Amino acid sequence: MIMSFQQLNLIEPLQRALAQQGYTTPTPIQLKSIPDLLAGRDLIGIAQTGTGKTAAFVLPILQRMTEKYPRVLRTLVLAPTRELAAQIGDSFAAYGQFLKFKHTVIFGGVGQGPQVNAVSRGVDIVVATPGRLLDLMNQGKVSLKYIEFFVLDEADRMLDMGFIHDIRKIIAKLPHQRQSLFFSATMPPQVSQLAQQLLRNPVRVEVAPQATTVERIKQGVFFVDAAAKEKLLLELLVQKHLTRVLVFTRTKHRANEVASYLNSHNVKTVAIHGNKSQGARIQALQSFKSGRTKVLVATDIAARGIDIDDISHVINFELPNEPESYIHRIGRTARAGAEGTAYSFCAADERDFLRDIERLIRLKIEVMPHAYHSDYAQNAAGAAARPSPRNQRGRSRSFRPGKSHFRR
Ligand code: AMP
């Protein structure tokens, strides 16, 4: 049974905003969360980006906020990165465009003046990264005394990034009477412990177990020497059907190198990573979103929370050492039901990473032929092709012949 947003009892100004975004059908997490959130329940959502989880909490919070109109800070959303915080802020702006609430986004790495001014002019909603928020709270510039709605987004990533102490300090300042929402892509013990402390009798909503999202994405692995990766990347990128490509590297340094290599070969590329100023990051993202730049090279942290539709290909120039990152990375393509392709370059020293990834996603990734042969490339491809007990069990994504295979 497919439901429409009309059936979710959302108020007219929200319906109008959704219509303007062109959204007619709620995603599964929206369907499962919105009724309970409108009823005031706490919620634990196990979902990754790309599932529509932001709207799943922004819409019901906005609706519940319309029940009264005092101009005090009533909603706090915590997010791990400034990009994600900015994006959640944009969602409040988009879905709340026909309501009268004001929101602001608070994050580090930029001057605090404008953020403090925005808060002192009066805001209903703050979206923040933990460090800067705590800083402003300690200076007495932000008070959480009147918070009614609290969201902790991407909790697993927050803990990975070492925010646990800041988060605990922030939570300690929240009023007891509140509605709390907790989202995480994964639920390791430390994360579920935090959820238990934060939530009261929550509804639990779990969508798209990771493997199902992954299964929609066509995946291929190139066994290639590290030294040949740049050439292989260039060769892939000149193909027309790679229209908007997100390339991942493990380090900032490598991201810069790959971007300058591609630019020097006339493939328009921008890079984002933690060392770039906020202005430079915003500019890079805009250039990529608008299509002026075909390729964005990013590190995992910088890419976290980036919300860009129509990414045709994700390319793992280097494989991540945490297999979960592979799922986050490739989930950047095939968003909101679209098709997508993810390629991975695997050098000799990355084969253990590949093995961990295949174990996690329970798929054997198809080996792609290419022109940069070496003993390693040949042996690795040969070993992957030989049936072993594990290979026989693992399913293989098949590529349409002739479409993605290319040889010189
Ligand atoms: P999120 O998981 O919140 O990062 O959202 C993923 C993407 O899906 C974003 O680009 C949203 O704007 C988009 N989106 C959210 N809800 C819907 C919907 N009901 N229909 C279509 N797209 C949506």
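**Reading helix packing**

Analyst: Let's begin with handedness: helix H11 crosses helix H12 in a right-handed sense. A crossing is right-handed if the near helix is turned clockwise from the far one by less than a right angle, and left-handed if anticlockwise. Helices (H or I, at least four residues) and strands (E, at least two) are DSSP runs, numbered from the N terminus. This is a predicted model, where local features need pLDDT of at least 70 and side-chain atom pairs count only at pLDDT 80 or more, while totals for chains, interfaces and linings use all residues. Residues are numbered from 1 along each chain as its sequence is written, and side-chain values use heavy atoms, leaving out hydrogens and water.

User: At what angle do H11 and H12 cross?

Analyst: Axes are lines fitted to C-alpha atoms, for helices over the stretch in contact, and angles run from 0 to 180 degrees between N-to-C directions. Here H11 (residues 229–237) and H12 (residues 252–264) cross at roughly 55°, and their axes come within 11 Å. H11 is therefore oblique to H12 (under 35 degrees is roughly parallel, over 145 roughly antiparallel, 65 to 115 roughly perpendicular, the rest oblique).

User: Which residues make the contact of H11 with H12?

Analyst: Contact means heavy atoms within 4.5 Å. From H11 come Glu230, Lys231, Leu233, Leu234 and Leu237; from H12, Arg254, Glu257, Val258, Tyr261 and Leu262.

User: Which residues of H2 are buried?

Analyst: Buried means under 20% relative accessible area, exposed over 50% and partly exposed in between (1.4 Å probe, protein chains only). An α-helix has 3.6 residues a turn, so residues three or four places apart point the same way. In H2 (residues 28–38), the buried ones are Ile29, Gln30, Ser33, Ile34 and Leu37. They line one face of the helix, because their directions fall within an arc of 110° down the axis of H2 (the arc is that of directions from the helix axis to the C-beta atoms).

User: What do the buried residues of H2 pack against?

Analyst: Their partners are strand E1 (43–46), helix H3 (53–65), strand E6 (179–184) and strand E7 (203–206). The axes of H2 and H3 lie 9 Å apart at an angle of about 25°, which means H2 is roughly parallel to H3.

User: Which residues of H9 are buried?

Analyst: In H9 (residues 189–198), Val191, Leu194, Ala195 and Leu198 are buried. They fall within an arc of 100° down the axis of H9, so they line one face of the helix. Exposed Pro189, Gln196 and Gln197 sit on the face turned away from that buried side.
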